[in-house]
Amino acid sequence: MTALRDISPDASGRGVGDGAPLVPAAVVGYYDQPLLKRPHWEASVKIYLFLGGIMGCSGLLAMIVGDGDPERARVARNARYTSIVLATVCPPVLISHLGRPERFLNMMRVFKTKSVMNMGVWGLLAFSGVAGAGAVGQLARDGFLPRWMRILGPTWAVNVPLGLLGAFISGYTGVLLSATAIPVWGVGKRHIPAFSLCSGVAGASSLASALLVLQGGSERMQHKLVALERVAATAEFALLQHFRAYAGDFGTPMFAGKQGKRLSTWTMAIGILGATAIEALPVRSKWKSLLSAAMTLTGGYVLRDVLIEAGKDSADDPKAAFRQPE
Amino acid sequence: MGNGFFTDTTLCIGCKACEVACKQWNQLPSDGYEFTANSYDNTMALGATTWRHVAFVEQPVDEHDPTVNRWLMMSDVCKHCTNAGCLEACPTGAIMRNEFDDVFIQPDICNGCGYCVPSCPFGVVDLIPHQHGIATTFATDGRTNDDAVQSHGGIAGKCTLCYDRQKVGFDPACAKACPTESIQFGDVDELKDRARKRVEQLQARGVAGARLYGVDETTSVGDLNAFFLLTDTPDKYNLPERPVLPSTRQRPGYTSAALAAGALALAGFAIFANGKTE
């Protein structure tokens, strides 16, 4: 029986100290209590991550395609209209997730490069402005607005900033997640921004291809859009696989269990492999293109959903949080 | 430079007077009556309206006699980091460093975006639920904005290091209430000197595990304005061994995004290159 003075260092000069650990090394943590707090983000944030990615990459697509000839101009026009429509949908979706939506404008009382979310808000504002100018110019060109308003594009002066800001808007959300203490997001600081962008480009290209098919547009352009979509989706698949291997235990919440199953079914098997297989079918039908686009877009949404939910599970795992990834 | 806390866990007796004093002074709602069966800890964690939390660790000392335990008790609190993840993440500038060098959430500015919550490497800050409207009296700089006086939830909450009490020269409520001076408040540099001496004293007495947490740190988070004297590894107290400042991941993240965008754009230009209408 150990006397009280032996375990109370203040009660005696002797203390406990022979330097040997008092507790077996296997005991780790505090009653399995989570160390980190779970992110509160729900459906509205997931929808914003998904739509914002398509919005930005549609701008990027408009820059890539350009207005060189009528076939291209049609694709670029669709992409610009997609951008402006999503730029009007995204802010309300984003504002709805705030605890105090009426204070949304407080986001713009500072310009803070250290805060990824603050940069994102300014980026979204700039993107919306350019997308608005591009849309006005496009409407003028399409005959819905006075002819003089064509000075607002669509020209390189709109397309280039739309593309660059679009790339930023699609990319910053991945950086935003990585720049947190959540282990699975932190360990993906290089992978998450990259595969989010790939998913955005795949989504924007498949949406553009579906729109073109519905309009009965150029088959050659549609093939090019599908080719770009497949390149982006293949890169996304490779990055996800590399991330799974790289993340190790930190990646468990995303690649194992319920979220892992959803990711491999909806994003990997259906969204990427399935859509590619359907595109490769030797059939000429608009339903083929529409189905493949729907599968790609579904996979893109599930990717964002899984990413957020995995972050919550990761926050609940104290063992991952004790050794935070660099 | 700046005011902070030195929490000496070897002096803590687990009375929870700090928890109570904090709740009372800051008019924070109750955590409810939950029995966790985890030693005497029914609070379990810091939260949006729980700004002091006393951890209770019971450890067997004698492997032949399981009735002999040693107690580790620690009053946890917001660390008021030198490089604070929450402060950097905050998109509105609501989280600021005040004149006492403490990390403070301005309740009339915060719009409840929730980005600070996963950005804290210690899991301290959280969102106050709407039904837990708390009446705060942080408008200490002469502002009469009703919003600052009455906050009804939906915003982030954490320890203010009793900003309002410091303003009038009082010690924070928890430090004032602590009966054993386990929680000491004062100038951080003075506290650090005192803490270093205390560690030497304890080690001389044979407490080999005595160490400071949050002093002379080489992590990206840096030193903590609210630091601790521990006698076991940090994980036993639910603290990370080497906390990482989340914003250090921004540069690789942005670089990766830029590279991916560039590569995809190049692929796109190549695909759409061979150009004229047939």
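This briefing describes chain B and the way chain A meets chain B. The model is predicted. In the model, 79 residues of chain A are in contact with 70 residues of chain B, and one part of that meeting is the packing of α7(A) with α8(B).

**Chain B**
- Chain B contains eight helices together with 12 strands, and the C-alpha trace of chain B extends over about 90 × 55 × 40 Å along its principal axes.
- Of the 278 residues in chain B, 52% are buried.
- When contacts in chain B between residues at least 6 apart in sequence are considered, 64% of them join residues at least 24 apart.

**The side of chain A that touches chain B**
- Contact between the chains involves 79 residues of chain A and 70 residues of chain B, and the helices of chain A that each supply at least two residues to this side include α2 (43-65), α3 (70-95), α4 (116-141) and α11 (286-315).
- The largest share of this side of chain A comes from α8(A), which provides six residues.
- By residue class, the side of chain A that touches chain B comprises 43 nonpolar, 20 polar and 16 charged residues.

**Packing of α7(A) with α8(B)**
- The axes of α7(A) and α8(B), the latter covering residues 250-271, lie 8 Å apart at an angle of about 30°, and the crossing is right-handed.
- From α7(A) the contact is made by P193(A), A194(A), L197(A), C198(A) and V201(A), while α8(B) contributes G253(B), S256(B), A257(B), A260(B), A261(B) and L264(B).
- The residues of this helix contact are nine nonpolar and two polar, with no charged residue among them.

Notes
Residues are numbered from 1 along each chain as its sequence is written. Chains are lettered from A and ligands numbered from 1 in the order in which they are written. This is a predicted model: local features need pLDDT of at least 70, side-chain atom pairs count only at pLDDT 80 or more; totals for chains, interfaces and linings use all residues. Helices (H or I, at least four residues) and strands (E, at least two) are DSSP runs, numbered from the N terminus. A residue is buried if 20 or more other C-beta atoms lie within 10 Å of its own, exposed if 12 or fewer, and partly exposed in between; C-beta atoms are placed from the backbone. Two residues are in contact if their C-beta atoms, placed from the backbone, lie within 7 Å. Ala, Val, Leu, Ile, Met, Phe, Trp, Tyr, Cys and Pro count as nonpolar, Asp, Glu, Lys and Arg as charged, and the others, Gly among them, as polar. Axes are lines fitted to C-alpha atoms, for helices over the stretch in contact, and angles run from 0 to 180 degrees between N-to-C directions. A crossing is left-handed if the near helix is turned anticlockwise from the far one by less than a right angle, and right-handed if clockwise.
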